[in-house]
Each structure stands twice: as structure tokens, then as C-alpha cells.
Amino acid sequence: MKKSHPLVESSPGLARRFRLLFRPLHSSERYYRNYANVIGLDLSRLSVYAALKRQIGRQKDILDLGCGTGYVTAFLGAQGVDADAKAIAAAKRNFPTTRFEHKSLSALLAGRKRFGTVVCVNVLEHLPEAALLQFLQSVASLLKPGGRLH
């Protein structure tokens with residue numbers, strides 16, 4: 001029997017319940033409009049984002065995978081990628097000096113670019129539990145040797 005990833009083992013059913021709870025918010029363009037409040041915040045004042053930035057340090061080749069509207073991407077000085085074209089359009093409008101691409105994970109994997117850091121903020125809770133291990137393994141292959149996933 002294949003052993004699952006510790007992240008999956010630690011919270012069986014939690015990700016599914018979270019997705020079901022928030023599905024109505026994630027099913028329309030309203031979801032992206034709700035982030036307008038977040039875009040104006042100084043993320044360095046929010047402990048979770050400040051801690052993330054400290055952990056990444058001075059790393060320059062950062063991929064924000066599943067970047068959504070781009071607020072974390074811009075804060076980290078990362079490159080943002082999302083499979084949702086509407087999210088990328090919003091990100092480009094909100095942060096015109098930050099690099100964003102509408103691209104699937106499989107397209108990223110097919111390319112040769114690898115990153116020192118990959119962040120996936122607000123991504124895992126959108127994935128079916130059965131796909132988490134495969135997703136994490138795929139993301140790991142986007143890392144340079146010694147790279148880190150946050």
C-alpha cells in the first residue's frame with residue numbers, strides 16, 4: 001500500500017470540509033472581487049505573510065503557484081502563475097509591474113524553468129484530497145536542487 005504524504009495524513013477530511021464550506025465563494029467572479037480588500041493591505045503587518053517573507057529571505061527566483069489575484073506574488077517579488085485566466089487578468093490589473101502567466105501545472109512541468117522557492121498560498125484547500133500527494137510531488141519537481149516549497 002502506498003503511504004500518503006504527512007500533510008494528507010494529519011488532517012483527513014479537513015481539506016474536503018473546508019472546500020465544501022467555501023465552494024459558493026469560489027464559484028464565481030465574486031471570489032476575485034472579494035480580494036479587493038486584501039490588495040490594499042500592507043502584508044508585512046500580517047504575521048503569516050511577514051513570516052513567509054522572512055523564511056524566503058533574499059531568494060530571487062520565486063514562483064507563486066496558484067497566485068490568484070497576485071497580492072502575495074507582488075509582496076514577495078515573485079513570478080505568479082495560475083490556471084485561471086480571470087485571476088491572472090485581475091492580477092495584471094492590480095499589479096502591472098509584476099510578472100504573471102496564465103499557465104497550467106502540466107505546462108510548467110513541461111518547461112525547463114526551475115525555481116529556488118515555490119509558494120502555494122491558498123492553493124491546497126482547493127484540491128481534492130486524492131490529488132494532494134501527486135500535486136506536492138509535481139511541485140517538488142519544479143524546484144532547483146536545495147529549493148524549498150512554502
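Biologist: Which residue in β4 does I62 stand opposite?

Modeller: This is a predicted model, in which local features need pLDDT of at least 70, side-chain atom pairs count only at pLDDT 80 or more, and totals for chains, interfaces and linings use all residues. Residues are numbered from 1 along each chain as its sequence is written, and side-chain values use heavy atoms, with hydrogens and water left out. Strands here are DSSP runs of E, at least two residues, and helices are runs of H or I, at least four, numbered from the N terminus. In β4, I62 stands opposite T117.

Biologist: How many bridges join β1 to β4?

Modeller: Two strands pair if DSSP finds at least two bridges between them. Strand β1 covers residues 62-65 and runs parallel to β4. L63 stands opposite V118 in β4. The number of bridges joining β1 to β4 is three.

Biologist: Which residue of β5 is the bridge partner of T117?

Modeller: β5 spans residues 143-149 and pairs with β4 in the parallel sense, over three bridges. In β5, the partner of T117 is R148.

Biologist: Is β4 mostly covered or uncovered, and how many of its residues are buried?

Modeller: Buried means under 20% relative accessible area, exposed over 50%, and partly exposed in between, with a 1.4 Å probe and protein chains only. β4 takes in residues 115-119 and is mostly covered. Its buried residues number five of five.

Biologist: What is the order of the strands in the sheet, and which are the edge strands?

Modeller: Five strands form an open sheet, with parallel pairing. Their order is β3-β2-β1-β4-β5. Each edge strand pairs on one side only: these are β3 (100-102) and β5.

Biologist: Which two residues form the aromatic pair, and what is its geometry?

Modeller: The structure holds one such pair. Rings of Phe, Tyr and Trp (its six-membered ring) pair if their centres lie within 6.5 Å; planes under 30 degrees apart count as stacked, over 60 as edge-to-face and the rest as tilted. With 6.1 Å centre to centre and 80° between the planes, Y49 and Y71 are edge-to-face.

Biologist: Why does this pair tie together separate parts, and how far apart are they in sequence?

Modeller: Y49 is buried, at 12% relative accessible area. Y71 is also buried, at 7%. Y49 lies in helix α5 (residues 47-56) and Y71 in helix α6 (residues 71-76), so the pair ties together parts whose separation in sequence is 22 residues.
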